[in-house]
Amino acid sequence: MATAVQTPVSNFLFTLNIGGAEAAGFFAEVSGLSTENQVIEHTAADATGKPLPQRFPGQVKWANIVLKRGVDAKLDLWNWRKTIIDGQVDKNRKDCTINVLDQTGAVIVTYAFVRAWPCKYSSPGLNASGNEILVEELELAHEGFTRTK
């Protein structure tokens with residue numbers, strides 16, 4: 001029996017939900033959706049003294065999530081970062097989701113990350129002779145993510 005061919009998911013339609021509310025504005029890019037284990041190497045020996053290299057999983061590491069979007073009049077992301085600068089970290093950690101959509105707007109993939117907080121905000125330099133869109137970047141530290149779809 002033949003199985004249906006699945007269409008690959010596009011990477012350009014996505015939304016960001018921060019603490020239960022959809023983030024304002026359109027994001028141009030999201031990166032940092034990665035996880036890995038540190039590798040612990042140990043060498044044992046067999047009964048004859050022959051070395052037996054072994055590798056074990058160590059601590060799980062999560063990359064920071066980096067969000068980029070065109071600057072607009074909304075201050076939501078900056079205000080969230082400002083609460084961290086002001087030392088209010090614990091009460092401003094938020095669970096977040098990134099939903100990847102198909103062309104009809106249906107959610108195809110969801111990444112849910114927990115206890116996120118903005119650890120970095122940046123905007124590129126300004127240039128009077130330039131004609132590019134001003135893009136702000138927000139980097140989120142978090143305590144892990146899952147892919148739920």
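Reader: How many bridges join β3 to β6, and do they run parallel or antiparallel?

Author: This is a predicted model. In it, β3 and β6 run antiparallel and are joined by four bridges. Ser31 has Val66 of β6 opposite.

Reader: Which way do β6 and β9 run, and how many bridges join them?

Author: Six bridges join β6 to β9, and the pair is antiparallel. Here Ile65 faces Leu140 of β9.

Reader: Why do the buried residues of α1 line one face of the helix?

Author: Start with the general idea. An α-helix has 3.6 residues a turn, so residues three or four places apart point the same way. In α1, residues 76-85, the buried ones are Leu77, Trp80, Arg81, Thr83 and Ile84. Viewed down the axis of α1, they fall within an arc of 150 degrees, so they line one face.

Reader: What covers the buried residues of α1?

Author: The cover includes β1, β3, β6, β7, β8 and β9. Just after α1, Gly87 has a positive phi of about 90 degrees.

Reader: Which residues have the most contacts inside the largest nonpolar core?

Author: They are Leu16, Ile18, Phe27, Phe113 and Leu140, in a core of 16 residues. At least two residues come from each of β1, β6, α1, β7, β8 and β9. The most come from β1, which gives three.

Reader: What is Phe27 in contact with, leaving aside neighbours within four places in sequence?

Author: Phe27 contacts Phe14, Leu16, Leu67, Lys68, Arg69 and Leu77. Of these, Leu77 is one of the buried residues of α1.

Conventions
Residues numbered from 1 in each chain as written. Predicted model: local features only at pLDDT ≥ 70, side-chain atom pairs only at ≥ 80, totals over all residues. Heavy atoms only, no water. Buried < 20%, exposed > 50% of the residue type's maximum accessible area, 1.4 Å probe, protein only. Arc of directions from axis to C-beta. Contact = heavy atoms within 4.5 Å. Pairing = 2+ DSSP bridges. Core = buried A, V, L, I, M, F, W, Y, C linked by side-chain atoms within 4.5 Å.
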